[in-house]
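Student: I'd like to go through this structure with you and check the terms against the values. Could we take it one label at a time?

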Amino acid sequence: SGAQQPGMTGQVKEEIITRFGELGIRIRGGVLNIDPRLLQASEFTHNPRIFKTRNVDGKNESFELNSNSLAFTYCQTPFIYNIGTDSSHVRIEIDYRNDDKQVSESNQLPADAYQNVIRRTGNIRSVRVTIPEILLFQ
């Protein structure tokens, strides 16, 4: 059957898992922690731009990104990272579809928000994370 490249699907999965690790997504004991110590400042945008994605309802959504931002989705929930300079800890702001907001001054996503993310309920519009530049990989 000719030359084949076994394990390519496994390799792709491994690269995705590795990238989530680099982004600081860690699941331990049913809790999502954000510890982006492997991210470099050079991976963040240098200019404002638009992040386009599709939500759990199949509708397109756009998010404005400032400079010093990075965006990705986890379980179809947009996570938007921003570099901050005013503290030494991660700050998480959850923006709900009903216009409520929840703020966590720790690197842990609150349990109810984490359940919304992994169950893909669509209740969360976005998760915005401010990361002190001092925590990034140098």
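Student: Which residues does L109 touch, not counting residues up to four places away in sequence?

Tutor: L109 touches V31, L32, I92, I94, Y114, V117 and V127; contact here means heavy atoms within 4.5 Å. Before we go on, this is a predicted model, where local features need pLDDT of at least 70, side-chain atom pairs count only at pLDDT 80 or more, and totals for chains, interfaces and linings use all residues. Residues are numbered from 1 along each chain as its sequence is written, and side-chain values use heavy atoms, with hydrogens and water left out.

Student: What makes a set of residues a nonpolar core, and which members touch the most others in the largest one?

Tutor: A nonpolar core is a set of buried Ala, Val, Leu, Ile, Met, Phe, Trp, Tyr and Cys residues joined through side-chain atoms within 4.5 Å. The largest one here has 27 residues, and Y81 and L109 touch the most other members. At least two residues each come from β2, β5, β6, β7, α2 and β9, and β9 gives the largest share, four residues. Those helices (H or I, at least four residues) and strands (E, at least two) are DSSP runs, numbered from the N terminus.

Student: Why is N33 called buried?

Tutor: Buried means under 20% relative accessible area, exposed over 50%, and partly exposed in between (1.4 Å probe, protein chains only). N33 has 14% relative accessibility, so it counts as buried. This residue lies in strand β2 (residues 31-34).

Student: How do you know that the side chains of N33 and Q108 make a polar contact?

Tutor: A polar contact is a pair of N or O atoms within 3.5 Å; within protein, one must be able to donate a hydrogen and the other to accept it, and residues adjacent in sequence count only if both atoms are side-chain atoms. The side chains of N33 and Q108 come to 3.3 Å, and the pair is listed as a polar contact.

Student: Why is the E22 and R19 pair called a salt bridge?

Tutor: A salt bridge is a side-chain nitrogen of Lys or Arg within 4 Å of a carboxyl oxygen of Asp or Glu. The side chains of E22 and R19 meet at 2.9 Å, N to O. The two are three residues apart in helix α1 (residues 8-22), so about one helical turn separates them.
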